[in-house]
Amino acid sequence: MSSLAFTSSSNTSSGSDLGFGFTCSIISVLLFGTNFVPVKKYDTGDGMFFQWILCASIWLVSLVVNLIQNSPKFWPLAMVGGCVWATGNITVVPIVKTVGLALGLLLWASTNLITGWASSRFGMFGIDPQVVSKPYLNYIGAALSALSAVMFLFVKSDVNTRTISSESTPLLVNSINSDLQQSIPADESWVDKLSPLQKRIIGCSLAIVAGVLYGTNFVPVLYIKDHAKRNESIYAGASQFDVDYVFAHFSGIFLTSSVYFLIYCAVMKNHPKVYPEAVLPGFVSGLLWGIANCCWFMANHYLSAVVTFPIITAGPGFIAAMWGVFVFKEIKGLKNYIILAVAFCIILAGSLSTAFSKV
């Protein structure tokens with residue numbers, strides 16, 4: 001067995017394991033809050049090509065992990081979680097274009113937190129409920145997280161449309177309509193035709209839907225692990241080490257994103273908008289996300305999902321907001337800063353309450 005697999009046999013209640021779990025959580029927070037930054041200032045059009053590049057990079061990360069783990073048994077059910085995540089992922093570019101990176105990530109992270117916490121805490125979707133030593137702290141943490149999600153809706157973001165350079169022209173265009181396309185901005189999509197109010201409504205709605213999908217993407221892996229303890233189950237004897245399911249989970253992501261991209265190509269009559277600027281930034285973004293999610297799998301093993309969800313889904317919002325405030329200048333004004341400060345305090349208190357309810 002590999003060194004990672006060897007680590008999985010250790011006693012998860014020890015202080016060193018808890019420290020390792022929280023370290024993995026911190027790494028995930030930093031990378032999840034930063035992974036879309038490389039592509040923020042590049043044109044991605046409608047996002048379909050970008051998401052395929054992103055998911056291809058993610059799959060490569062899982063391939064490396066699979067080799068390190070000596071290719072553990074592949075459970076197809078674990079792919080379902082990847083399919084669910086990839087479905088939520090196709091909404092990312094429209095969300096960023098409508099409400100900005102900071103507000104979009106804060107919204108889907110908060111919804112992700114609530115969904116992931118509820119499914120693991122109460123045993124939804126056929127998984128076993130995770131017991132906590134201090135239930136009242138767990139409920140307080142969930143309530144505070146829900147309150148922070150509502151507060152984020154009042155944060156005003158300013159997403160400016162920049163001038164498109166000649167390098168952002170799609171690689172594949174319809175030569176028959178080339179004269180017409182030359183008079184239309186290369187990055188114009190259905191998002192660009194929306195009014196400010198429509199952008200805010202659609203962006204916030206998509207962020208919430210994405211959060212629900214993200215919040216349930218670990219359910220298949222948890223289902224396999226729980227049923228592995230039952231002799232009558234087809235999953236009897238399956239690995240209890242979460243990282244052993246990374247390759248199957250990420251394969252589901254890449255397969256689903258490829259299907260969506262092929263459907264998109266068919267709808268576009270084999271003339272998809274392929275943006276050269278999005279290739280390298282999208283690949284880097286996928287690497288960051290893949291490493292972050294591998295760390296989350298590790299954290300789930302050492303801390304359990306009921307602890308990691310409040311930490312890893314709430315933390316990236318702070319990192320993203322710092323990018324939005326100091327680098328991209330999406331969030332401005334004293335009122336917005338006050339709302340953000342209060343919201344961060346609430347979500348931090350909620351995360352700590354949920355975490356300490358278990359440890």
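This is a predicted model: local features need pLDDT of at least 70, side-chain atom pairs count only at pLDDT 80 or more; totals for chains, interfaces and linings use all residues.
In one of them, the side chains of arginine 230 and aspartate 128 meet at 2.6 Å, N to O, and the pair links distant parts of the chain, since arginine 230 sits in the loop between α10 (219-227) and α11 (246-267), while aspartate 128, 102 residues apart from it, sits in the loop between α6 (101-122) and α7 (135-152). Arginine 230 is partly exposed, with a relative accessibility of 29%, and aspartate 128 is likewise partly exposed, at 28%.

The other salt bridge joins the side chains of lysine 225 and aspartate 242 at 2.7 Å, N to O; lysine 225 belongs to helix α10 and aspartate 242 to the loop between α10 and α11, so the pair ties together parts that are 17 residues apart in sequence. Lysine 225 is buried, at 11% relative accessible area, and aspartate 242 is also buried, at 2% relative accessibility.

Two cavities of 30 Å³ or more were found. The largest cavity holds about 220 Å³ of space and is lined by 17 residues, with Phe32, Trp108, Asn112, Tyr214 and Trp289 lying nearest its centre. Two or more lining residues come from each of α6, α12 (279-303) and α13 (305-326), and the largest share, four residues, is contributed by α6. This lining comprises twelve nonpolar and five polar residues, with no charged ones.

Definitions and conventions
Residues are numbered from 1 along each chain as its sequence is written. Side-chain values use heavy atoms; hydrogens and water are left out. A salt bridge is a side-chain nitrogen of Lys or Arg within 4 Å of a carboxyl oxygen of Asp or Glu. Buried means under 20% relative accessible area, exposed over 50%, partly exposed in between (1.4 Å probe, protein chains only). On a 1 Å grid over the protein atoms alone, a cavity is a set of points where a 1.4 Å probe fits but cannot get out, and a pocket is an open set with protein on both sides within 12 Å along at least five of seven lines; lining residues have an atom within 4 Å of a point. Grid points are joined across faces, edges and corners, and a volume is the space filled by probe spheres set on the points. Ala, Val, Leu, Ile, Met, Phe, Trp, Tyr, Cys and Pro count as nonpolar, Asp, Glu, Lys and Arg as charged, and the others, Gly among them, as polar.
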